[in-house]
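This briefing is meant for someone meeting the structure for the first time. Please look through the sequence and the model below before reading the points that follow.

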Protein chains: 4
Amino acid sequence: MRTALELFTTLGYHDTTTALIARKAGIAEGTIYRHFTSKQQLVNELYRAAQRWATKLVQDAAHDRDAGAARAQLTAIAHGLIEGAAHETAVVKLGLLERLDGVLDDESRRTRRDFQVALERVVAEGKAQNAVRAGAVEIWAAVWLATLSHALEKVVAGDWKPPDTGVRLIIDAAWRAISV
Amino acid sequence: MRTALELFTTLGYHDTTTALIARKAGIAEGTIYRHFTSKQQLVNELYRAAQRWATKLVQDAAHDRDAGAARAQLTAIAHGLIEGAAHETAVVKLGLLERLDGVLDDESRRTRRDFQVALERVVAEGKAQNAVRAGAVEIWAAVWLATLSHALEKVVAGDWKPPDTGVRLIIDAAWRAISV
Amino acid sequence: MRTALELFTTLGYHDTTTALIARKAGIAEGTIYRHFTSKQQLVNELYRAAQRWATKLVQDAAHDRDAGAARAQLTAIAHGLIEGAAHETAVVKLGLLERLDGVLDDESRRTRRDFQVALERVVAEGKAQNAVRAGAVEIWAAVWLATLSHALEKVVAGDWKPPDTGVRLIIDAAWRAISV
Amino acid sequence: MRTALELFTTLGYHDTTTALIARKAGIAEGTIYRHFTSKQQLVNELYRAAQRWATKLVQDAAHDRDAGAARAQLTAIAHGLIEGAAHETAVVKLGLLERLDGVLDDESRRTRRDFQVALERVVAEGKAQNAVRAGAVEIWAAVWLATLSHALEKVVAGDWKPPDTGVRLIIDAAWRAISV
DNA sequence: CATGAATGAGGCTTCATTCAT
DNA sequence: AATGAATGAAGCCTCATTCAT
């Protein structure tokens, strides 16, 4: 799975062949099919794990600062994601930056939804605190993440290392985009 | 080309087969190869056209409001892109929202660069006007676009129709993200 | 036809495309089909011309030295072929050195036969003069040509220029192979 | 491999399709590519095997009659090749009679060279014994083989069966062509 | 008579998946 | 449970030939 994750995020879904996964992982090609029914199921499994990781991160950050300012919660989440981009590069790539449209199954889309909902809950709290602008929370959660994504891309590409000025600027920018 | 553009943005590069393009376009498969040397060259040609369209849009908007406020220029650009997302859906999808990493050739990357540079020029003007925050223009140009992209996705998906509240909110958010 | 001849002998039958012939000849691809019903008929036409050239050469050399020694006739033929290999390279290549097995039609095989028969007539004369060894004339004609072919290959490849020692040696060797 | 060898020597390289090889061999087309990277590599592999067979034959014949007369060595080689033409028809066809110019890779050309060198060594010995005529050994080795080839063609075509008068005549002719 | 764009059959190759060992 | 050779559908591309202009 680790090998597959690495390859999917490096070469993309289509250019990652089962033969390559097996060779790099030091197993036989057929062995893959004793654990997953298909290549598609394999990415989905990896994708869901990535989503769960991100969701947990959001929930934990929110819970740790329960009743605190929404901005502080989002900042904590942002740092957590950036940290992940630096040390669990492939996970962040597959879960947040890759485009897997045609390959994801229903369960994966549901897991994705869970992550979005968790993030929206935090934004909703911000709205309750009158810190977030008027407008649907779905929009602001998505906008905040889209803005932050540029920093994630940079970190994932190795252009930026975590305690980078650019990262701080963008976390701040993401907040400005959605705050009153 | 129109058929190919439609399919590439609907199914993605890999799931769009030459046989399918030909069938939908009502031509023979071999005919594709009298106009393009390969499937890859075909996407690249389409991609470059999309980039040129976007670049021109940025340049025109900037030129029309020469010496005007950077914010007004960016707003004009945003509306132009949104308009494009509504009426030339596939062009915007292929040029700004698709992920074509492994398929683009050098010339395409150069054309992409032209677009980024054009956008950065506008942001640089904003900095000169003390309207844009401290930090590299490359970052703010990219952040502005990343933020706006969420609106483009919505419009492209048909969820939002151009004079939509969401669109106005996000254009505003993109500006807030990068302005002082 | 000249262009086609050149290409067939340079690239071989299969690697010579009708598109290439047309381009190099400065005509349209379709024009080929106003003169020949197919690519195959085109090679056959060229092949037959080459055979006729070679047959005429044999007949002329024999006639000029009518009633002379067979060896002198064969030597004259050899020099004629070598001369052809030097100045009409492509003709000799297509007619005597190329392997066109699957492409030749019945008429071409007949024309080929004519050439062989002409050569055998000379060898038969040699036998009548008790200058050629015992054994079927078909064999000795073919053996003589096979031996000479090595010189033709060398000349055709540009390794040897006509008044070359190697050429003389081989013409001599070919005669020795079949003479008493 | 046996099926491919048979087809290549019967239909030629271009008219032998991978689909045909697979069908005749009773395997799937894709299976070919688990053993060879391409159709071209497949012929090259077969070609090299044929060359090695011929080279070994030359070396063995020479070694068995070490210090013996060169003529005897060449006669032994000739009989070996004729024998091969009779019983391993396809091997001789592919290795010595086919024209594979555009398809052979560097290694194959090197293997071909090995065979020629082995044959030249025998001819050189003949020269040292003053049995072979003046002139480069490369020439006489090639001439001897070219002359013999006519017999190989006949045997390969099934026109002659090994202990045939024609064969003996030609082996003799080949020697006469190059001997003093 | 020449043109050259269009055709479509067919070639080579890849690759996710299966199954006997 | 793991293996890895075999599978065969399907993909991209070539090219001799046709035909409307």
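This is a predicted model: local features need pLDDT of at least 70, side-chain atom pairs count only at pLDDT 80 or more; totals for chains, interfaces and linings use all residues.

## Protein around the DNA, and protein against protein

The residues of the surface near DNA strand E divide into 6 nonpolar, 16 polar and 6 charged.

- Of the atoms of DNA strand E that come within 4 Å of the protein, 62% belong to sugar and phosphate.
- The elements that give two or more residues to the surface near DNA strand E are α3 (29-35) of chain A, α3 (29-35) of chain B, α3 (29-35) of chain C and α3 (29-35) of chain D.

**Extent of the contact between chain A and chain B**

- The contact takes 25 residues from chain A and 25 residues from chain B.
- Between them the two chains bury about 2100 Å², with 61% of this area on carbon and sulfur atoms.
- On the side of chain A, the residues that lose the most area to chain B are Arg99(A), Arg133(A) and Arg176(A), which together make up 26% of what that side buries.

**Polar and charged links across the contact**

- The rule finds 4 salt bridges across the interface of chain A and chain B.
- Arg99(B) forms a salt bridge with Glu153(A), in which the closest N and O atoms are 3.1 Å apart.
- Between chain A and chain B, 8 residue pairs are counted in polar contact, both residues being at pLDDT 80 or more.

**Make-up of the chain A side**

- On the side of chain A that touches chain B, the elements giving two or more residues are α8 (137-156) and α9 (165-178) of chain A.
- The largest share of that side, 8 residues, comes from α8(A).
- Sorted by class, the side of chain A that touches chain B has 13 nonpolar, 6 polar and 6 charged residues.

Key. Residues are numbered from 1 along each chain as its sequence is written. Chains are lettered from A and ligands numbered from 1 in the order in which they are written. Side-chain values use heavy atoms; hydrogens and water are left out. Contact means heavy atoms within 4.5 Å. Buried area is the accessible area (1.4 Å probe) that two parts lose on being put together, summed over both. A salt bridge is a side-chain nitrogen of Lys or Arg within 4 Å of a carboxyl oxygen of Asp or Glu. A polar contact is a pair of N or O atoms within 3.5 Å; within protein, one must be able to donate a hydrogen and the other to accept it, and residues adjacent in sequence count only if both atoms are side-chain atoms. Helices (H or I, at least four residues) and strands (E, at least two) are DSSP runs, numbered from the N terminus. Ala, Val, Leu, Ile, Met, Phe, Trp, Tyr, Cys and Pro count as nonpolar, Asp, Glu, Lys and Arg as charged, and the others, Gly among them, as polar. A residue is near a molecule or strand if one of its heavy atoms lies within 4 Å of it.
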